[in-house]
Amino acid sequence: MEHVRSRIFAGLVATLCVAAIAWPLSPAIADPGDDSYNWKTWRQFWSFKPVQRPAVPQVKNKTWVRNPIDAFILAELEKQDVTPAAPAEKRTWLRRVTFLLTGLPPTPAEIEAFLDDEQDDAHATVVDRLLKSPHYGERMGRHWLDVVRYEQNRVRLKHQPTFRGELHYRDYVVRAFNNDKPYDRFIMEQIAGDLLEVLGDTDKDEVARQRYFDQIIAPAFLSIGDWFDECTDPNKLRMDIVDDMIDTTGKVFMGLSLGCARCHDHPFDPIPTEDYYALGGIFKNTKIIGEFSEFWRDGRDRMTRELATKSQVRANLEKDKIIDQAIKSIVVLCEKIARQSDNMHRNADMDQFVKDIPVPESVTIEAENFAGVDNLKISEVEFVNPRIAGKDAKEKATVIETQTPLSQWVRYTFRLPKTGRYEIHVLYSALGPTPIEVQAGRNPATVALAKPIEGTGGWGLRYRAWQSIGIYHMSAGPNALRLTARLNPKTKTARFPQIDKIRLVHITDEWEAKVSRPRFGRFPTAAFRHYSIHRDSPFRFAMGIDSAVYRWFLNQNTGAHDIIRKAQAEKRDYQAILSVSDQPAKAIADIPVHIRGDIYRTRKEPTPRGVLRLFDHVLIKPEMPDDESGRLQLAIWLSHPDNPLTARVMVNRIWQWHFGDGLVATPNDFGSRGAKPTHSALLDWLATEFIKSGWSVKHIQKLICGSNAYRMGSSQKREALESGSALRFPLSAFPRQRLSVEAIYDAMLCSIGKVKRQTDNPLDFNKSADRMMYVLTSNRSPKGMGVEIKKMFGVFDYQPTGMSMPKRDQTSTAAQSLWFMNNPLPRYYAEQLATRVLQLKNITAGERLTQAYTLTLGRPPSDAMANATLDYIDAAMKQGASREEAWTSVCLAIYSSNEFRYIE
Amino acid sequence: MNPMTNPREHNLACIPSRREWLQRAALGFGSVALTDILARRAMADARQTAALNPLAPKPPNFAPKAKRVIYIFLDGGVSHLDSFDYKPRLKKDHGKPLPDSIRPPKFTFAPQGRILQSPWSFKQYGQTGKWCSNLFPHINEHVDELCFIHSLHHKQNDHVTAKTMINTGHGTEPRPPLGSWLVYGLGSASENLPAYIDIMPDGAKSRSTAFLPNHYGGTPVGKAQKTARFRTIENLERTWAKTENTQRQHLDLVQLMNKEHQSRTGGNTSPANAKLEAEIKNLELAFRMQAEAPDVISLQGESEATQDLYGIGEPNTTDFGRACLMARRFAERGVRYITVTHSTQKYGNLWDQHSRLEEGHTGNARAVDKPIAGLLKDLKSRGMLDDTLVIFGSEFGRTPTFEFMDGGLGRLTNGRDHNPYGFTMWFAGGGVKPGFSYGSTDDYGYYASENKVSVYDLHATILQLMGLDHWALTYRHSGRDFRLTDEFGHVVDDVIHA
């Protein structure tokens, strides 16, 4: 068995693009002992049973059956003796299918064409056209983005406030639907795209490049979650992030809430805690944030990478090297000057003098070994020191530096052997003066001083220098030192020097007596001088390079300057995307069960990484690699055709995107607490059809949209209503649906001709930039309306919470009515629409009204309504409204009407 | 009979003629009243209303002690140690480290220093002799009305998660706030106003209704840190329509279209048209709200004496006084749950005095003390205090220590850190025991020690007072029956007035 498994996985890893993989059903593997679930029974639960293709049922009214979907639905209706609703009018059907497949209303031309098309396949022609429309991907993509908890602007990076890398994921999703990316591949890319093999020549072959880009963009699925990055406890934060990934993966692909098992065995579904932590191990070894230490608010940014091929990234690195080389050549010259100036301050006499007197005792503290810190972080810095030849030329240091430019402090605690005076030296770099407050001693509140720290000419090791920050009286035993940078009242920011080391030099009277020579050269104190030039000193004198000198050389040395300029010009800027990767191979490890979810109470033995044991009877448990997280194996397991949940969950979503409700009313819950399918045979038939078609979403949609069920009107016959059966029984009519907030907005936008219809793939995002889905990030909102658009989302039920949102609410509230009544946004579009119809030349008022109706509702007004409306206009103008105002208020009335925001 | 009654009776033949439009324009308010009657009549149809209107009043589980809640939320973290939780040990041990018996938690928001005594002086107030500081002198006059819980605790150590915790019962996941649960459980008691009003809310996550549909959400009136001038409900005020009449005519046109649409899609008796019917009703509700709410917000008709009670007109208290008075006016009109948030940067960062404790808390307290006391007095004099539950609290309390640990580096000018492990809230009216204190913290006020009350217990108790059984109030989402109190919570019977 072992052998077979590893062979299968070795094979799979090599050929990951294969859609359907021959993965043999394994005989039931022995249950792993100590758990409380009755697996045999659980595996008989409807959604955990393997999917089998049911026979298409026989029905009495055969003429109603356009495709097998109809047979399944009609069979159920006939059982209940319910007649399906009469077909919708052509106009109604077109509006329905166009909104549901593209999120847009049909154009007047499309309506006319369809009404004129008397062919039998007129409906099918429309469906084909819409499935090919690039707007299709926008509508489906938006559904998917809800499901995967995507929210524009949620992904914020502290140090890159303008980062918009998550938009690439959005566009990837749109692209995937437009290209009908096989769903198994779609899963694979989102969970483990970064681990997939790179196929083809990504530099020359556009298709290969796009495929590679998709692979590295897609795993943002794991990174876009909403976890609270300022959580005080970093260990908890780490597990919160893991939990977000587990929970989302479970809900999105399997329709299971795995989150419950974080603290205890799932009470309603067969998810033991071990299985949660087996998955947890996979995601714990997945890296989406930078290194972060134990310290408060440190390094908790999502990681990014360049959207570039591997060779493009390499080429940029080459350029960086060239630039570094050139800079180094200049630095060498600078250093030479610096040494000369050093020597001007020393002479043999002084050297000799210093040499004769020993260095006083001292205590040295590495800056990173602090006892407390705020708004500072630890960084590794590197510097190629031209003074040191050979391979040791590279100097490295760990320093502390500003993390957040707010008030910052660092505190050290240490023991001193003797009571006495201590001079404090700091090894640091700073571009300009950075005043810090120094508090030192056992009760340092009494000796707080604000001390200017001089600039050393720049940041980084290259500019590192020592400075004395004063003499303090300290007693033997425990002491503390605290350095604080306060907010500059003007700039409201604070800056901390980049500190490498701190030393406390014990100054005794005898020593001082020996060195009491009036002249210290350029050195401020005797102790400082001693440490700077004494041969026995444990510190080498590190002298900064004057940045003015550096700049002078840069300008003089045109050769180097040109090299730098050229290399910089040749370096290419790539967009940043969210980056997901595995931990380094060495760091891959399993994690133990956290008892009751407590990060500080874990079981002794780690739980081996793995997948849910629930499906051990149908799927072979993938073997987890030692040098990778196991995401790839998880993705294969999830997207396997024998996984009982994957296809069922997705076809149910697709169904819901058409009928408003899924066949299973709880799209994210296929467990025991979820709803049972209303048409389980249909669900399974669709699932098998989905897999058979190579996981083609469009194939399923073509079936759905081509069915007679989809053509039903939304009103049932009175008799059916009165018997009550229609109410109880779903799918006897097409359910009326309110448009999503995006569709409402886009419909207004369309009425003023602002959405350029595209007919060909790929979608041109620029042409779509006005649509609500993009408008907040494309900066194309009408002037002053950005805030209103943002608020409109919440008014019409788009309130993302950072968790998977399988279905939008369709509430109707007074707040929505008030919005139509008084908000400037619909008013703005009404004005535009009024202007549009008023600009039309040589037509009657009635014809204008027909235009307004057609552009919004896709039909002319009834005669009665037209007369009433025209009278309304006259009345309004009689009361003092201008013609424009009167028409604007008519257009606003149309936007406010139910017909505008409901599809039948 | 006025010819314009007909259009609402789903008969298209009766679309008004031009003459009628003009007539209606002249008639003005007549049609408003008419719509009102029609809407009410429809509402009276209980069965239909239940299906259509999720905010229809629902029966409680048992007789409620309180009919409404006014929740005064002090944003940031009021120091219980400097207000109502008197700890003489702090004075005695000032400047010393905490004893070994009291260990600060593993991760605190900021490093902990030594013990800091309260800068305020404490004495006994009222008949009950409650020890209080002189931080809230006006509220102290009412201590005999108040029911203190001193032993509240949770684990969320930073503002965002703590605020989410105290409002929703969960720190890190989006859950509906207490007010939304109440409205979900009880429906609305007001026909023309929202059931849940947030006066000057901050933009916190904890206001999102999460998985509950958004009609259970709070309606914000103004925003944190905006003054009274900006205090209004979104889109409430007429913008383009110059007169109420203009707006009414416009809405009549919309409703005409809606009726036509409805008749084409099966008439208004069809249950499938429930959604459309609800939309039609909402439009009328919105119109009535537009008529009524601005009046509530404007504080029209309040006597000078009443305004004085709230400190309106005095520079320090006028702003929060208006907010508190507005809360009473909403409460009077049947709003179920009203929050009044005090959130200002005027005296330092909110109520979050990590430094300059004395300065910040004094300024903040001065702004809210009189208005809150005024609210209590006003509710009482109107006989409303009995069935209005007033809650006073913030997301957590503060530590008994200086902010900075530093082996003695803390300085006297510094303030106190966040302390969710033991803090105080008080309640008044609405069925709680007056002049009563429940639970306590340790000698230094760091951890809740006796009769501990978790946030779940707090929520269970508030629901209980409102007539709801916290175990029975569930909402099915993602396969789980969610509860405000999760799987926890015990009603604190001891604080409930028999």
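User: Why does B:Asp486 count as buried?

Analyst: Its relative accessibility is 14%, and buried means under 20% relative accessible area, with exposed over 50% and partly exposed in between (1.4 Å probe, protein chains only). So 14% puts B:Asp486 in the buried class. Before we go on: this is a predicted model, where local features need pLDDT of at least 70, side-chain atom pairs count only at pLDDT 80 or more, and totals for chains, interfaces and linings use all residues. Residues are numbered from 1 along each chain as its sequence is written, chains are lettered from A and ligands numbered from 1 in the order in which they are written, and side-chain values use heavy atoms, with hydrogens and water left out.

User: What makes the phi of B:Asp486 worth a look?

Analyst: The phi is near 55 degrees, a positive value in a residue other than glycine. Most residues other than glycine have a negative phi. You'll find B:Asp486 in the segment after β17 (480–483) of chain B.

User: Is A:Asn779 buried or exposed, and how do you know?

Analyst: A:Asn779 has a relative accessible area of 68%, so it is exposed. Its phi is also positive, near 55 degrees, in a residue other than glycine. A:Asn779 sits in the loop between α27 and α28 of chain A.

User: What makes the peptide bond from A:Asn761 to A:Pro762 cis?

Analyst: Omega is near -5 degrees there, and the bond is cis. Most peptide bonds are trans. A:Pro762 belongs to the loop between α26 and α27 (772–778) of chain A.

User: Why are α33(A) and α8(B) called oblique?

Analyst: Helix α33 (residues 883–896) of chain A and helix α8 (residues 244–264) of chain B have axes that come within 9 Å and cross at roughly 45 degrees. Those axes are lines fitted to C-alpha atoms, for helices over the stretch in contact, and the angles run from 0 to 180 degrees between N-to-C directions. Under 35 degrees counts as roughly parallel, over 145 as roughly antiparallel, 65 to 115 as roughly perpendicular, and the rest as oblique. Therefore α33(A) and α8(B) are oblique to each other. The crossing is right-handed, the name used if the near helix is turned clockwise from the far one by less than a right angle, while anticlockwise gives left-handed.

User: Which residues of α33(A) and α8(B) meet?

Analyst: On the α33(A) side they are A:Ser889, A:Val890, A:Leu892, A:Ala893, A:Ile894 and A:Ser896, and they meet B:His250, B:Leu253, B:Val254 and B:Met257 of α8(B). Contact here means heavy atoms within 4.5 Å. By class that gives seven nonpolar, three polar and no charged residues. The nonpolar class is Ala, Val, Leu, Ile, Met, Phe, Trp, Tyr, Cys and Pro, the charged one is Asp, Glu, Lys and Arg, and the others, Gly among them, count as polar.

User: Why are α26(A) and α28(A) called oblique?

Analyst: Helix α26 (residues 741–751) and helix α28 (residues 786–795) of chain A pack at an angle of about 135 degrees, with their axes 9 Å apart. That angle makes α26(A) and α28(A) oblique to each other. A:Val741, A:Glu742, A:Ile744, A:Tyr745 and A:Met748 of α26(A) make the contact with A:Ile789, A:Met792 and A:Phe793 of α28(A).

User: How do α21 (residues 646–659) and α23 (residues 697–706) of chain A cross?

Analyst: Their axes come within 10 Å and cross at roughly 45 degrees. That makes α21(A) oblique to α23(A), and the crossing is right-handed. Among the contact residues are A:Trp655 of α21(A) and A:Ile700 of α23(A). Nine residues are nonpolar, two polar and none charged.

User: What confidence does the predictor give the complex?

Analyst: The ipTM is 0.78 and the pTM is 0.78. Residue by residue there's pLDDT, the predictor's confidence from 0 to 100. Chain A has a mean pLDDT of 83, with 82% of its residues at 70 or more. Over residues 1–34 of chain A, though, the pLDDT is below 50. Chain B has a mean pLDDT of 84, with 84% of its residues at 70 or more, but residues 1–15 of chain B stay under 50. Where pLDDT is low, the predicted coordinates should not be read in detail.

How values were computed:
Helix = DSSP H or I, 4+ residues; strand = E, 2+ residues; numbered from the N terminus.
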